Amino acid sequence: AHICGTPISLISLVAEDRQWFKSKVGIAAKETPREISFCAHTLAQGEMLIVEDAQLDTRFANNPLVTEDPHVRFYAGAPLISPDKHVLGTLCVIDHEPRTLTSDQLEALQTLSRQVMAQLELRRQTRRLQKSESLFRNVFEHASTGICVIDLKNGEFLEVNQHFCDFLGYTEAELLKQNFSTITHPEDIGESMKMLRGFQSGAISEFRVEKRYLRKDQQEVWANVDVSTVQGADGDTSISIGIIDDITERKASEEQAQLHNQVLKMIASGDPLSTTLDSLLKIIENQSPHTPSSILLLDQTGEHLNHGSASGLDEDYTKAIDGVKIGSNVGSCGTAAYLRKPIFVEDIAHDEQWKDYRDLADKHKLRACWSTPIFNESKELLGTFAIYSRHPGL
């Protein structure tokens, strides 16, 4: 308005049935019907429209905007053209008196119209980026797989999602203080460091590996890790995105299947019974970590239980119970063999069936024991299988 010396200036955007004013100077109205708007004519011809005296122009002489308030006599409008060549509206100046603009004023009007369009486009792109970033953040936070952003200069975590935190048992704040090496299983550090050096040197841009992590409680977990470098706008590739899938159950199942097959091969090839029983207890140990277990075998007299195999039990303890005579109050195993039924002792320190073996169990920090008899297909007793616990419980 100042450049063109007019009392009114508008940024007008034209919709299906109206034109509305995105910005305005010198007029109170917020919109007008499209069929009477000057701007609609600018849209139709796609170039600057100049009306020096509307009362002398047959297109506008009877237009309510001319004959009534705001009494338009002069109009000059430059189209607002989007990058995809659509005319969205105009930047226009209006006067109540006829006038003529200089070439400099017309050029300025066209230049400013392009600036208006640039601002509108910038705003649209900004909103699109904000929406895209919001969508990414939502996916990142609620993904059903672990996701992390890693600084390849030092291996530190820059971003971690909730699933990754839950997988490792850390809070977000705690995990961001770690780096990939401090939570990697010691036996897998070498492969991880080799990967990091490959990324740092540019020799590789992506890497996939199955590796073990240590949770906050030091429990070992398995993950399939897929890492790719991310290139920024400046070409920097100092960060990477890691996708981490929990495969702990799958690895446990694979190991169980491998152990089962190993036992079947041992039976088929006639390996010593003690070796086969050790492998069976290994399967149990994998299914129930940190719980010692044992197999005792009934002797030919049917009165004593001899050592068959043990896992996690002290050698002194297994020697002490080797050859024990079965009876009604001979711990969990002796009683289970005597009664031919499972015996589940919740607390050895307060159970009558362990009164003669309580001190022995206490010496070796055994607080609970669950034993079940082993029968053959003819229902003949062969021995007992037992699992112990370091804490009272069932």
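This is a predicted model: local features need pLDDT of at least 70, side-chain atom pairs count only at pLDDT 80 or more; totals for chains, interfaces and linings use all residues.
Let me start in helix 7 (residues 248–268), where arginine 250 and glutamate 254 both sit, four residues apart, or about one turn of the helix. Helices here (H or I, at least four residues) and strands (E, at least two) are DSSP runs, numbered from the N terminus. Residues are numbered from 1 along each chain as its sequence is written, and side-chain values use heavy atoms, with hydrogens and water left out.

Back to that pair: arginine 250 forms a salt bridge with glutamate 254, and their closest N and O atoms are 3.0 Å apart. By salt bridge I mean a side-chain nitrogen of Lys or Arg within 4 Å of a carboxyl oxygen of Asp or Glu. Arginine 250 counts as partly exposed at 36% relative accessibility, and glutamate 254 is also partly exposed, at 38%; the terms are buried for under 20% relative accessible area, exposed for over 50%, and partly exposed in between, using a 1.4 Å probe and protein chains only.

A search of the whole structure finds 18 salt bridges. One of them joins arginine 367 to aspartate 347, with 3.3 Å between the closest N and O atoms. Arginine 367 lies in the loop between helix 11 (358–363) and strand 16, and aspartate 347 in the loop between strand 15 and helix 11, so this pair ties together parts that are 20 residues apart in sequence. Salt bridges that share partners also join Glu210, Arg250, Lys251 and Glu254 into one network.

Six strands form an open sheet in the order 14-13-12-17-16-15, with antiparallel pairing, where two strands pair if DSSP finds at least two bridges between them. Strand 14 (324–325) and strand 15 (343–345) stand at the edges with a single partner strand each, so one side of each has no neighbour in the sheet. Within strand 14, valine 324 is the bridge partner of leucine 305.

Leaving out residues up to four places away in sequence, valine 330 touches Val324, Lys325, Thr335, Gln353 and Tyr357, a contact meaning heavy atoms within 4.5 Å.
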